[in-house]
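User: I should like to learn how to read a predicted complex. Could we begin with the confidence scores?

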Amino acid sequence: MAAVALRRDREAFARLFDHYAPRLKAFLMRQGAEGAAAEELVQETLLTVWRRAETFDPAQATVATWVFTIARNKRIDRLRRENKPDLDPHEPLFRPEIESADETVNRRQQGARLRRAIADLPPEQADLVRMAYFGDKVHTTIAAETGIALGTVKSRLRLAMKRLRRALEEES
Amino acid sequence: MTVLTERDDLLVAYAAGLLPEAPSLVVAAQAALRKDVRRAVGDYEAVAGALLEDCETREVSPGLRESVLSLLNEESPTDEIRTPAGDSRVPVPLQGFVGNDLEALRWRRVIPGVKDTLLPTLGGGTARLMLVKGGVKVPAHTHQGLELTLVLEGAFSDASGTYGPGDLQLADDNVDHSPVAEKGTPCLCLVVTEAPVRLTGRFGRMLNRFVRY
């Protein structure tokens, strides 16, 4: 990522593309995008990664988190335009972008720790976490699909998220 | 250790990009006001990043890579968000919806001392700003689904406690509450209600126009 930002290194960018494009496509499709729409979003996201590379701050987020938030915001913009085709393209759109992230948290080393913590979750909790992020599903749907009571879905998910946040708090 | 609540469910959905626009406004506005919310959202976004890193892959079309690489030299289209200067009483994420003059909005008088104005959000739920004069009591009401009330200025209290700037009240449909604005500064709130079950049929549709809470 540093090579992309500092040297405008195309080969380094191509490697980022090769790593993230297939993951983003899978992620976006799981969130409900059709194949072609997912690829358009992948394209827009990676172009934005290239154009805004110098604004990436490794203390604020991992590369994966940064790439994810760009894709998420592109997806929201797209949904909004689909719902309101007459929208002025320059109208300020709502994006879930927190203006100033919490500057006291150094997120530099968080990626690996968090991935380990997800891998260490009991399988049923890890599944719920994935459903909560990928699924575009409300808890009631998750409850119906898994046959687990709604209250249990919510409390298990919270338990899992609490463990993950605790993993983030260690050493940070 | 922090206890995760219904609020965290909202923050997770927000971080995932799965929360409708109206409740997203509440989260973004509260994050602008409070550091603990910013931190929590950052944590939940980090989880999304970790899930992306370990996500299964789906092969992209053969031409996509070339097409993206060939576009790297192109000037960026206007990608920037234009945020016009907004009213300082509302947090930045709301300013695009509110404009720079709160008074110029189309306010609707609910009862004397209480007025509200709808914000144009998409998707489930409705968002409105509500302004309650100091000491005025909002009529008792229940609602269908969840109601989120974020205090932007002033304060209000009800049976569950007192809420000041940056505080968020989550009330489900079991709560029958009648909040009272604290004396002094008028209480400005962002109120989001989940889309109520729409009444259907000719008669029902007519009633919908009058159903406020």
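Analyst: pLDDT is the predictor's confidence in each residue, on a scale from 0 to 100. Chain B has an average pLDDT of 82, and 81% of the residues score at least 70. This is a predicted model, in which local features need pLDDT of at least 70 and side-chain atom pairs count only at pLDDT 80 or more, while totals for chains, interfaces and linings use all residues. Residues are numbered from 1 along each chain as its sequence is written, and chains are lettered from A and ligands numbered from 1 in the order in which they are written.

User: Where in chain B is confidence lowest, and where is it highest?

Analyst: Helices (DSSP runs of H or I, at least four residues) and strands (runs of E, at least two) are numbered from the N terminus. In chain B, the lowest confidence falls in helix α6 (residues 201-208), with a mean of 38, and the highest in strand β8 (residues 180-181), at 95. Over residues 197-213 of chain B, pLDDT stays under 50. Where pLDDT is low, the predicted coordinates should not be read in detail.

User: How many residues of chain B are in contact with chain A?

Analyst: Two residues are in contact if their C-beta atoms, placed from the backbone, lie within 7 Å. By that criterion, 54 residues of chain B touch 59 residues of chain A. On the chain B side, α3(B) provides the largest share, 15 residues. That side divides into 28 nonpolar, ten polar and 16 charged residues. Here Ala, Val, Leu, Ile, Met, Phe, Trp, Tyr, Cys and Pro count as nonpolar, Asp, Glu, Lys and Arg as charged, and the others, Gly among them, as polar. For the complex, the predictor gives an ipTM of 0.90 and a pTM of 0.87.

User: At what angle do α4(A) and α3(B) pack?

Analyst: Two packed helices are described by the angle between their axes and the distance between the axes. Axes are lines fitted to C-alpha atoms, for helices over the stretch in contact, and angles run from 0 to 180 degrees between N-to-C directions. Helix α4 (residues 63-83) of chain A meets α3(B) at about 100 degrees, with the axes 8 Å apart. The two helices are therefore roughly perpendicular, a term for angles of 65 to 115 degrees. Among the residues that meet are A:Phe68 in α4(A) and B:Leu52 in α3(B).

User: Which strands form the open sheet in chain B?

Analyst: Two strands pair if DSSP finds at least two bridges between them. The open sheet has three strands in the order β6-β5-β8 (chain B), with antiparallel pairing. Its edge strands, β6 (161-163) and β8 of chain B, each pair on one side only.

Notes: Angles under 35 degrees count as roughly parallel, over 145 as roughly antiparallel, 65 to 115 as roughly perpendicular and the rest as oblique.
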